[in-house]
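Hi,

Here is the structure I promised to pass on to you. Please have a look, and then read on for what turned up in it.

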Amino acid sequence: MTSEFDLVIRGGTVVTASDTMQCDVGVRDGKIVALAANLPPGARDVDATGLLVLPGGIDSHVHIDQPNGPETVQADTFESGTLSAAFGGNTTVLPFALQQKGQSLRDAVRDYHAKADGECYVDYGFHLIVSDPTEQLLGQDLPALVQDGYTSFKVFMTYEDLRLDDRQILDVMSVAREQGALVMVHAENFDAIRFLTQKLENEGKTAPLYHGASRPAVVEREATHRAISLAELVDVPIMIVHVSGRESMEQIRWAQARGLKIYGETCPQYLVLTEADMDGADMEGAKFVCSPPPRDVASQEACWEGLETGVFQVFSSDHCPFRFREATGKMHPKARSSFRWVPNGIPGIETRLPILFSEGVTKGRISINRFVALTATNHARMYGLYPRKGTIAIGSDADIVLWDPARQVTLSQSLLHHGADYTPYEGFDVTGWPVTTILRGTIVVENGVLCGAKGGGTFLSRDLPEQAKPRAPAVF
Ligand code: DUC
Ligand code: ZN
Ligand code: ZN
C-alpha cells in the first residue's frame, strides 16, 4: 500500500518561533502536509526521539564567491559554501550579487547565476549590492530586478570600491520605497577609517590588532545614525547589518522607540570574539579580521541585550571566508606591512547555529523559540520568504533540521566543510548540534553524513519583505 507521506519525522519536539509541541511531521511533495501525533508510516520514517525538530536555518547574510579586488579570492565556491551551510543546519542562504563599478546590475546578477545554478546543496536567493547607482540602474534595472524577485539590496558606507555617498544612498533608498524593497546598510564612516588607518600606519601600528583601532565603535555609531537619518528622510525601512556593540545597537533602539522601521542584525563574531583575538603572533590575528571588528566583553553583552530584547531581528553569519595561509587570502603579500591589506571577512556559515544555540539557549539567555525566530523565521519574514520558508506549518516547504540539544562538540577546522583552511572558533566548546538537515523533504545531511546532491538547492525568487510595501515617491 502506498503511504500518504513521502517522509514522516517521528517522535521529536517541534519548535517554531511561537510554539513548542510533541508531534510528528508528515511531508509530501516537498511540503509539510501534516502535524499530529502518531501519523501513519511514510514511505520513509526518520526517528527524531530526543531531538528538536526546527525550521532549517536561513542565513541571510553570506558572501560566496564574491569578487574582492584583483589580488584576493574568497575561499568558497557555491558548492563548498552551501555544503558547509547544510552541515551547519541551514536550508536557505542569501548571498550577495555584487555589482562592480562600471558593470550593469543585470550582468552582475547573470554572473552570480552562472556561478551558483546547479552547484548548491541548499536553496538560495540573492541580495543585490549596488556600487554604481547610475540613472539606468536607478530608473530601470533595480526596479525590474525587484519585480523579478531580488527584493533587497545592500549599500556600503565604506570600502573604496563599494561605498556610496549620502546622495547616492538616498537615491537607492528612494527606489526601495517605491518598489517595496528592503535596504541593508553596512554602516562605517569611510573617511574616519582612512584618517585613522593613516595615523596608525605613521606610528608603526601595522599589525592585524590595529584593524580594531582603525574602525572604533564611534565610526560605526556615526554611520548607523546617519543611515537611520537618511532612511527617516525618505521614510523607508532599513536593516543595519553586522552590529558589533552597544553604541550602534543603542542608535537602532532609539530609532525603533521613535517608531521608525529600523531593523538590526548581529553575528557570532560579536558574541564570542574580541579585539584581543586579532593580537596573535606571526599574523595569527589576521584570522579574525572582519568589519566591523570584534570589540570587547561589554560589546558582547550589548549584542546579547539586542538579541534578547528584540532590537535585533536576525542573527546571521556574515560568512566571508579567506584562506589563512595563502597570498590570495589573509597572507596577502603586503599584509605584514599593514593590516589594511588583510582581506576583511571570516568564515562562519557552519558554526552560526551551534554558537547561538550553545551560548544562547543552553546557557539560558534566549528561549528555543527566540532561537528559531533569530535564525530562521525572521529572516524569512524580513526577506520575502515567509511562510514558504522559516517555519514548520502546513503548506510550508519541508525545510527542517533535527537538532541534538545535548551533543557536545569542540569546534575545529577538521569538522567543517567550508573552503577556508581555518575556523576562527577553533577549540570553542558548544552544546547542541545539527544532526540531520532536510531540504524540501529530501535529506541532505543525515547524522553527519552527506546524502544530498549538488544542484539539489534551487534559486528562490522572493516576495516583497513584509515590512516594506511599495509606496508613492516621498514628497518633501
Ligand atoms: N565585512 C564586510 O563588510 N563584508 C564581509 C566581511 C566583512 O568583514
Ligand atoms: Zn558589510
Ligand atoms: Zn557582509
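In this predicted model, the zinc ion (ligand 2) and the zinc ion (ligand 3) are separated by 3.5 Å. Around ligand 2, the coordinating residues are K154 through NZ, H186 through ND1 and H242 through NE2, at 2.1 to 2.2 Å. Along the sequence, these donor residues of the zinc ion (ligand 2) follow the spacing K-x31-H-x55-H. The two histidines come from separate elements: H186 belongs to strand β13 (residues 182–186), while H242 sits in the loop between β14 (238–240) and α8 (246–257), so the pair ties together parts that are 56 residues apart in sequence.

Why is the arrangement around the zinc ion (ligand 2) irregular? The angles subtended by its four donor atoms run from 74 to 132°, and a tetrahedral label would need all angles to lie between 85 and 135 degrees. As for burial, H186 has a relative accessible area of 1%, and H242 is also at 1%. Both values fall under the 20% cut-off, so H186 is buried and H242 counts as buried.

On to the packing. The largest nonpolar core has 122 residues, and F153, I238 and F371 have the most contacts inside it. Helix α12 (residues 368–382) gives the most to this core, with seven residues. If you want to look around I238, its contacts beyond the neighbours within four places in sequence include M173, L182, V185, I228, I262 and Y263. There is also a second, separate core of 18 residues, with V53, I392, I400 and V435 among them.

Over to you, and happy exploring!

Best wishes

Notes. Residues are numbered from 1 along each chain as its sequence is written. Chains are lettered from A and ligands numbered from 1 in the order in which they are written. This is a predicted model: local features need pLDDT of at least 70, side-chain atom pairs count only at pLDDT 80 or more; totals for chains, interfaces and linings use all residues. Side-chain values use heavy atoms; hydrogens and water are left out. Donors are N, O and S atoms within 2.8 Å of the metal (3.2 Å for Na, K and Ca); water is not among the atoms, so sites may look incomplete. Four donors count as tetrahedral if all angles lie between 85 and 135 degrees; four count as square planar and six as octahedral if opposite donors are over 155 degrees apart and all others between 65 and 115; anything else is irregular. Helices (H or I, at least four residues) and strands (E, at least two) are DSSP runs, numbered from the N terminus. Buried means under 20% relative accessible area, exposed over 50%, partly exposed in between (1.4 Å probe, protein chains only). A nonpolar core is a set of buried Ala, Val, Leu, Ile, Met, Phe, Trp, Tyr and Cys residues joined through side-chain atoms within 4.5 Å. Contact means heavy atoms within 4.5 Å.
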